[in-house]
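Visitor: Could you show me the structure and take me through it with a few questions and answers?

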Amino acid sequence: GTFLNLPEFLNEDLCWLAGLVAGDGHLTKADDDKWGVGISFHNKDKRLIDKFCEVLEKNFGVKYNIIFNDKKQYYTAQTSSAILAEILIAFGVKRGKKSATFDLSNKLLSCEDELISAYLRGLFDAEGSVEKYNRSVNFIVYNKKVLEKMCYVLQRFGIRAGLQANGKEKRIMISGKENLIKFGRPTPAST
C-alpha cells in the first residue's frame with residue numbers, strides 16, 4: 001500500500017478539489033481497481049491542472065502524473081488512492097461514467113458555507129463558462145435534480161439562478177449585476 005497524509009479536518013482545498021473532480025474528473029469503476037482507485041482531472045488550462053496537483057501534494061502527499069493529449073489539446077492529472085476516492089464519493093462524485101448520476105450529497109449540503117463555496121468554486125472552475133453576450137455565468141449538467149440542488153445552494157449565498165433545458169442538456173445561469181457580484185465575491189480560500 002501507499003502511505004497517505006490526511007488533513008485533520010475537512011478544508012476548503014479538499015472541497016475545491018472535490019468540485020473539480022465532480023465537474024471534469026473521473027473515478028475509475030470498481031472493476032478497474034487492480035492498483036487502487038484511479039482519480040483523474042481533465043482540463044485545457046494547465047494552471048488549473050497545476051493547482052489541482054499542488055492541492056493533492058499539500059493535503060495528501062500523493063504522487064501524480066500529468067499527461068497532455070496532443071489530439072484533443074487538454075491535460076490530465078492522475079493519481080490513485082482508495083481513501084481519497086471514498087472522500088470524493090461522500091461528496092457525491094460517482095465512480096465510472098458520472099454524467100447522469102452526479103449529485104450533491106447530503107453530507108456536502110450539511111457543510112459550512114465556506115466549504116460548500118469552495119466545492120462550488122471547483123465545479124465552476126472545471127465546467128462553468130462565461131457568456132459575454134448575455135453577461136452570465138453558466139453551468140451545464142444532464143441531471144435536473146443536481147441543478148435544482150445547485151440553485152438551492154446558490155440561494156444560501158443570496159444568488160438567484162435560472163434553470164434552462166435544451167433536450168438532455170440542463171443549464172444553470174447566473175445573470176444580473178447583483179447576482180454576478182455575489183457569485184464573484186472571493187471566499188478566504190480563493191484569495
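Visitor: Is the crossing in which α1 passes α2 left-handed or right-handed?

Guide: This is a predicted model, in which local features need pLDDT of at least 70 and side-chain atom pairs count only at pLDDT 80 or more, while totals for chains, interfaces and linings use all residues. Residues are numbered from 1 along each chain as its sequence is written, and side-chain values use heavy atoms, with hydrogens and water left out. A crossing is called left-handed if the near helix is turned anticlockwise from the far one by less than a right angle, and right-handed if clockwise. By that rule, the crossing of α1 past α2 is left-handed.

Visitor: Are α1 and α2 oblique or roughly parallel to each other?

Guide: The axes of α1 (residues 12-24) and α2 (residues 46-60), helices being DSSP runs of H or I with at least four residues, come within 10 Å and cross at roughly 135 degrees. Angles under 35 degrees count as roughly parallel, over 145 as roughly antiparallel, 65 to 115 as roughly perpendicular and the rest as oblique. The two helices, α1 and α2, are therefore oblique.

Visitor: Is Arg171 buried or exposed?

Guide: Arg171 lies in strand β8, which spans residues 169-175. Buried means under 20% relative accessible area, exposed over 50%, and partly exposed in between, with a 1.4 Å probe and protein chains only. Because its relative accessible area is 17%, Arg171 is buried.

Visitor: Which side chain does a polar contact of 2.9 Å join to that of Arg171?

Guide: A polar contact is a pair of N or O atoms within 3.5 Å; within protein, one must be able to donate a hydrogen and the other to accept it, and residues adjacent in sequence count only if both atoms are side-chain atoms. At 2.9 Å, the partner of Arg171 is Glu131.

Methods
Axes are lines fitted to C-alpha atoms, for helices over the stretch in contact, and angles run from 0 to 180 degrees between N-to-C directions.
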